[in-house]
Amino acid sequence: MTRRERKANSRRGKQNSRQPLKTFFILCLGEKTEPNYIKDMLKDYTHINAKYSQVIGSKRDPLSLVKKAINTLAKKSKSYDSVWVVFDKDEYTNFDEAIRLAKDNGISCAWSNSCIELWFYLHFNNSKGAYSYKGYEDRLNKHIRDKIDKSLKYSKTMEGVYSFLKIHGDLSMAIIRAKDAMSQYHQDVACSQRNPATMMYKLVEDVRKEL
């Protein structure tokens, strides 16, 4: 075998031994906060093919969002390694129904009760009560003002939330706090009654896990 042939075989061996990149299809209830956070997160992991993953924001209720995910996936010719829907409880009455439908169709749910801002807040502190979006916005801004930078302010239109939390918050502690919050509820308790609670940690763990 010539030297050139050995080099060619070596290159092919390296290519064949590479871990395939993971792809995601994620449909979010919300057009900015959730999609922007998740897109930035996917780009942060080298084992994820962010280019061929899809993160889509949508103005719908939870049940319509899940139905859209089912219909969209049925029409796609390619498959994804992981499929998620992301939505908040807020005031929606079909929250539990949406979660059941997603589960029945093999779609993972990163739901939050009451809102995704709970997940953001868990990067800094435990949530000691069941708050609305405004409650978490106020608590986030108090922490930012007192501990980080008085000139900064969180809002749903804030850009770079993922990077901000990565720099100033603690993702590992957010996961631990989210799990602790979930552990206080009996499995028979409806998800709509679990407040505060968020399954965003499950999505993050899936993102961090290689194929």
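**Loops, packed helices and pockets**

Serine 114 sits in the loop that runs between E4 and helix H5 (116–121), where helices (H or I, at least four residues) and strands (E, at least two) are DSSP runs numbered from the N terminus. The model is a predicted one, in which local features need pLDDT of at least 70 and side-chain atom pairs count only at pLDDT 80 or more, while totals for chains, interfaces and linings use all residues. Residue numbers start from 1 along each chain as its sequence is written, and side-chain values use heavy atoms, with hydrogens and water left out.

The peptide bond that joins asparagine 113 to serine 114 is cis, with omega at about 20°. Another cis peptide bond links asparagine 195 to proline 196, here with an omega of about 10°, and proline 196 belongs to the loop between helix H8 (171–183) and strand E5 (197–198).

Along its principal axes, the C-alpha trace of the chain spans about 70 × 40 × 30 Å.

Two helix pairs can be followed in detail. The axes of helix H3 (residues 62–75) and helix H4 (residues 95–104) come within 7 Å and cross at roughly 20° (lines fitted to C-alpha atoms over the stretch in contact, with angles from 0 to 180 degrees between N-to-C directions). That angle makes H3 roughly parallel to H4 (under 35 degrees; over 145 is roughly antiparallel, 65 to 115 roughly perpendicular and the rest oblique). In their contact (heavy atoms within 4.5 Å), Pro62, Leu63, Val66, Lys67 and Ile70 of H3 meet Phe95, Glu97, Ala98, Leu101 and Ala102 of H4. By class, the residues of this contact of H3 with H4 comprise 8 nonpolar, no polar and 2 charged (Ala, Val, Leu, Ile, Met, Phe, Trp, Tyr, Cys and Pro are nonpolar, Asp, Glu, Lys and Arg charged, the others, including Gly, polar).

In the other pair, helix H2 (residues 33–43) packs on helix H7 (residues 161–168) at an angle of about 60°, with the two axes 7 Å apart, and H2 and H7 are therefore oblique to each other. Here Tyr37, Asp40 and Met41 of H2 meet Val161, Tyr162 and Leu165 of H7, a contact made up of 5 nonpolar, no polar and 1 charged residues.

Of the 17 residues that line the largest pocket, Ile99, Arg100, Lys103, Trp111 and Cys191 lie nearest its centre. H4 and strand E4 (108–113) each supply at least two residues of this lining, and H4 gives the most, with 6 residues. The lining of the largest pocket divides into 10 nonpolar, 1 polar and 6 charged residues.

The second largest pocket has among its lining residues Leu29, Gly30, Glu31, Lys32, Thr33 and Glu34, together with Arg60, Asp88, Tyr92, Lys156 and Thr157. By class, the lining of the second largest pocket has 2 nonpolar, 3 polar and 7 charged residues.

Definitions and conventions:
On a 1 Å grid over the protein atoms alone, a cavity is a set of points where a 1.4 Å probe fits but cannot get out, and a pocket is an open set with protein on both sides within 12 Å along at least five of seven lines; lining residues have an atom within 4 Å of a point.
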